Amino acid sequence: MEGGSGREALGQSGRVAPPLALQAPVDRHTHTVLRAAVLALVEDEVRRRFPVTLHAGVPGRSVRHVDDPPVPDAGLRADVVIALLRAAASLDPLPALWLTRPGELSPHDDDLRWVGPSAWAARALGMPVGLVVVTRRGWFDPVSDVRREWRRLRPRPQARR
């Protein structure tokens with residue numbers, strides 16, 4: 001793996017730094033990207049049960065990893081995130097990292113399996129990116145619990161020309 005000794009993720013005390021977390025209020029760019037991710041999931045995924053998928057980039061210009069079967073090792077998950085973030089950086093200057101899955105807006109095992117490897121990979125690349133979980137009901141940050149929910153999400157009307 002590139003990037004030297006891996007000390008990028010270590011704090012001055014030698015302990016691993018905590019994962020990057022969203023803080024309220026969320027900036028406009030982040031809100032727009034995450035709303036679009038929720039809307040894309042609502043519009044594009046017709047199945048009731050679907051595999052957990054990790055996305056990097058922005059909706060419409062992203063790369064993804066379908067976690068089916070689930071990657072069993074944290075090191076391999078970190079490698080997947082590094083590959084996705086590197087590819088996404090060529091698609092958009094401010095890539096986001098999000099996990100889509102069925103279910104409610106509460107932490108699930110799948111979310112927690114990806115938080116640590118995602119944080120490590122983002123720090124190893126020097127990218128200020130944290131993992132956000134997206135469901136059909138909205139999005140949330142599993143570290144800070146900053147969230148946004150919708151009862152019925154609709155696309156915004158296009159501007160008239």
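## A walk through the chain

Read along its sequence, the chain runs α-β-β-α-β-α-β-β-β. That gives three helices and six strands. Helices (H or I, at least four residues) and strands (E, at least two) are DSSP runs, numbered from the N terminus. This is a predicted model, in which local features need pLDDT of at least 70 and side-chain atom pairs count only at pLDDT 80 or more, while totals for chains, interfaces and linings use all residues. Residues are numbered from 1 along each chain as its sequence is written, and side-chain values use heavy atoms, with hydrogens and water left out.

Take the chain as a whole. It has 161 residues, and 40% of them are buried. Buried means under 20% relative accessible area, exposed means over 50%, and partly exposed lies in between (1.4 Å probe, protein chains only). The accessible surface comes to about 9800 Å², with 52% of that belonging to carbon and sulfur atoms. These areas come from the Shrake-Rupley method with a 1.4 Å probe; for residues, only the protein chains shown count as cover. Now look at contacts, meaning heavy atoms within 4.5 Å. Among contacts with a separation of 6 or more, 72% join residues 24 or more positions apart.

Start with helix H1 (28–44). H1 has 17 residues, which at 1.5 Å a residue should span 24 Å. Its end C-alpha atoms are 24 Å apart, which agrees. The expected span is 1.5 Å times one less than the number of residues. The buried residues of H1 are Thr30, His31, Val33, Leu34, Arg35, Ala37, Val38, Leu39 and Leu41. They pack against E1, E3, E4, strand E5 (138–140) and strand E6 (147–149). An α-helix has 3.6 residues a turn, so residues three or four places apart point the same way.

Helix H2 (residues 74–89) can be checked in a similar way. Its 16 residues should span 22 Å at 1.5 Å a residue, and its end C-alpha atoms are 22 Å apart, which agrees. Buried in H2 are Arg77, Ala78, Val80, Val81, Ile82, Leu84, Leu85 and Ala88. Their cover includes E1, E2, E3 and helix H3 (109–125).

Next come the pockets. A 1 Å grid is laid over the protein atoms alone; a pocket is an open set of points where a 1.4 Å probe fits, with protein on both sides within 12 Å along at least five of seven lines, and lining residues have an atom within 4 Å of a point. Grid points are joined across faces, edges and corners, and a volume is the space filled by probe spheres set on the points.

The largest pocket holds about 390 Å³ of space. It is lined by 23 residues, and Leu22, Thr30, Pro95, Pro128 and Val129 lie nearest its centre. H1, strand E3 (96–100) and strand E4 (131–135) each give two or more residues to this lining. H1 gives the largest share, four residues. By class, the lining has 17 nonpolar, four polar and two charged residues. Here Ala, Val, Leu, Ile, Met, Phe, Trp, Tyr, Cys and Pro count as nonpolar, Asp, Glu, Lys and Arg as charged, and the others, Gly among them, as polar.

The second largest pocket has a volume of about 280 Å³. Its lining has 17 residues, with Leu41, Asp44, His55, Arg64 and Thr100 closest to its centre. Two or more residues come from each of H1, strand E1 (53–58), strand E2 (61–66) and E3. H1 gives the most here, with four residues. The lining has eight nonpolar, five polar and four charged residues.

Now for some local details. Most residues other than glycine have a negative phi, and most peptide bonds are trans. The bond from Ala24 to Pro25 is cis, with omega near -5°. Pro25 lies in the segment before H1. Another cis peptide bond joins Asp68 and Pro69, with omega about 5°. Pro69 sits in the loop between E2 and H2. Asp145 has a positive phi, near 65°. This residue is in the loop between E5 and E6. Asp145 is partly exposed, at 43% relative accessible area.

End at Leu94, in the loop between H2 and E3. Leu94 counts as exposed, at 52% relative accessibility. Leaving out residues up to four places away in sequence, Leu94 touches His29 and Val58. Leu94 and Val129 are 35 residues apart along the chain, and 8.9 Å separates their C-alpha atoms.
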